[in-house]
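These are my notebook entries on a structure that I am reading for the first time. I set down what I looked up, entry by entry.

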Amino acid sequence: MRSGSTLAVFGAAVLLTAGLPALAQSAPPLRSAASFVVLGNSSVMNSGMSRVTGNVGASPGNVVTGFSPGMFRAGDVRRDDALARQARIDSDAAGDALAAEQCTFSDPALGGQTLLHGIYCFNARNVQLSGTLILDARGDRDAVWIFRIDGTLTVADDAAVLVIGNGYDGNVFWSAGQATLGEHARFVGNLFARSDIALQEGASLSGRAFARSGSVTLRT
């Protein structure tokens, strides 16, 4: 794990909230939202045992359920307090910045592919990621990947996203209408959804989950 990174565990799932080095120009700053591993709008709901390092919160809603103090290695539950409200402002601004980026590639296949850095845009109503998607930085630590999905992102059971070539998980950004990570999927990046996000049993996320409206749901 990188120095300055934080690790969150959802049941069998592992979330890595990395620090913020200097990113490429196309990467939006997270500011106060960087301290959150999960931020919902109306609620965050967890079922099953989880271990978390980083803040879990909701704003403007204030419902965060299924967490206990023993689950946190660091961080806390934040229910529409000053930090959660500022994180909502900052995460929404980052989401707006992602939506404004100009595409460099359109509708590539996801899964079973190796992609270099760039801005990948998808016009399909539903986008499915299956198999293994490799993101190759080719030695550039500041390489940034942005995935703009107009509709729903579904990550299949047992699918994986891997960053190689000295790349950095914190430089991967996903923007979608809503998102579901399937059972035992291994996902990488800062995930922004305009509505709900769901992590199924055993899914892992090396990054963060921000739901602009709706909820984030974690299942064991």
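I began with L205, which I found in strand β22 (residues 204–211); helices (H or I, at least four residues) and strands (E, at least two) are DSSP runs, numbered from the N terminus. L205 counts as buried because its relative accessibility is 0%, where buried means under 20% relative accessible area, exposed over 50%, and partly exposed in between (1.4 Å probe, protein chains only). I also looked up F187, 18 residues from L205 along the chain, and the C-alpha atoms of the two are separated by 4.8 Å.

Before going on, I noted that this is a predicted model, in which local features need pLDDT of at least 70 and side-chain atom pairs count only at pLDDT 80 or more, while totals for chains, interfaces and linings use all residues. Residues are numbered from 1 along each chain as its sequence is written, and side-chain values use heavy atoms, with hydrogens and water left out.

Next I turned to the salt bridges, each a side-chain nitrogen of Lys or Arg within 4 Å of a carboxyl oxygen of Asp or Glu. How many does the structure hold? I found four. One of them joins the side chains of D81 and R78 at 2.6 Å, N to O; D81 is partly exposed with a relative accessible area of 21%, and R78 is partly exposed as well, with 24%.

I then followed D92, whose side chain meets that of R88 in a salt bridge (3.2 Å, N to O). Both residues are buried, and because they are four residues apart in helix α1 (residues 82–100), about one helical turn separates them. D92 also forms a salt bridge with R212, with 3.5 Å between the closest N and O atoms. Since D92 lies in helix α1 and R212 in the loop between β22 and β23 (215–219), this pair ties together parts that are 120 residues apart in sequence. Salt bridges with shared partners join R88, D92, D96 and R212 into one network.

My last entry concerns strand β16 (152–155) and what lies around it. Four bridges join β16 to strand β13 (residues 126–129), and the two run parallel; strands pair if DSSP finds at least two bridges between them. In this pairing L129 stands opposite V155. Four bridges also join β16 to strand β19 (residues 178–181), again in parallel, with T154 opposite T180. D158 is found in the loop between β16 and β17 (160–164), and I noted D158 as exposed, with a relative accessible area of 54%.
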